[in-house]
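These are my notebook entries on a structure that I looked up. I record a cavity and then a packing of helices.

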Amino acid sequence: MEFIDSSVVEQIEMKMIRPSQFAIRDTFQKDDPDFETLVNSIREHGLLQPILIRPLTVGFEIVAGHRRFHACKNLRWRFIPAKIRELTDKQSYEIQLTENVQRKSMDPLEEAEAFRRYIVDFGWGGVTELAKKIGKSEEYVSHHMQLLRLPDEIKEKIANRSINVSQAIEIAQISHEKQSMIVEHIMNNDLTVRQIRELKNALNQESHDDLVVAAKSRAPVIARKTYLTLKIALNRIDNLINEVHSTVEPDQRAEIINFLMGVRLKVHSLIDDSIRFKNSSAKQHRS
């Protein structure tokens, strides 16, 4: 069924309009350079797109266009062009959320929290329905919501972009006690998703007893970090070998690959040594 827009555009007095009670973003920063740019644009060209509001028992509520509203308020406008549409709470929230997701105006954790509110707090639908509403995949919605399970220190790293969303999603899918082991390696080595998954597999191979022993002594912890560091190095060498195959001329390729294979064998030998040391340390601290 085709949507028919029955809304009307009117000049509405600013004092009759209030921010949305379902605002997607909790904070509004007027010192944001983008906001100053918007204010200057409206000052010079006027408001090119009306804000969207819905009628309340008394006055109106903003559905879309909070930044435009605040910019016009900053310019001391008395009236603002507004499109008025009858909308339910659910419809209002969906419009706001879709607009912010499409504009990429929220950070990953803000998106995740907005998804959680829709599904859990308000109970307006499941992952499938929400994904359709905002034009994203179910995997996108569910993976972002997993970020909320991460401890605060890792959330801070997402917020300051020390780790990206793809990396954070991989971290969220492992147990809490192993997250701290892997996050430092991810940050220091800027690991790809594939490399993170390899490290996760390596961690999963460790026994529960090793984890208990590691909590009691620094030696097994150092051994594990050494093992993970060497695994990272091995993976990077493999990437270099693949790069040589695709970028280096055939007459130079053999010599470089032979060199890298030699380095790879040495690293592999060091990995074996680190495993023996780890096992030996574990046995000593069990006895």
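I looked up where the largest cavity lies: domain 2 (92-208) and domain 3 (214-285) both contribute residues to its lining, so the cavity lies between them. The domain bounds come from an automatic or database domain assignment. The model is predicted, with local features needing pLDDT of at least 70 and side-chain atom pairs pLDDT 80 or more, while totals for chains, interfaces and linings use all residues. Residues are numbered from 1 along each chain as its sequence is written, and side-chain values use heavy atoms, without hydrogens and water.

I noted one cavity of 30 Å³ or more (on a 1 Å grid over the protein atoms alone, a set of points where a 1.4 Å probe fits but cannot get out; lining residues have an atom within 4 Å of a point). The largest cavity has a volume of about 50 Å³, taken as the space filled by probe spheres set on the points. I listed its lining as Leu191, Gln195, Glu198, Leu199, Lys231, Ile232 and Asn235. Helix H10 (193-204) and helix H12 (218-247) each supply at least two of the lining residues (helices are DSSP runs, H or I, of at least four residues, numbered from the N terminus).

I then turned to helix H1 (residues 33-45) and helix H2 (residues 66-74), which pack at an angle of about 65° with axes 9 Å apart (axes are lines fitted to C-alpha atoms over the stretch in contact, and angles run from 0 to 180 degrees between N-to-C directions).

Technical notes
On a 1 Å grid over the protein atoms alone, a cavity is a set of points where a 1.4 Å probe fits but cannot get out, and a pocket is an open set with protein on both sides within 12 Å along at least five of seven lines; lining residues have an atom within 4 Å of a point.
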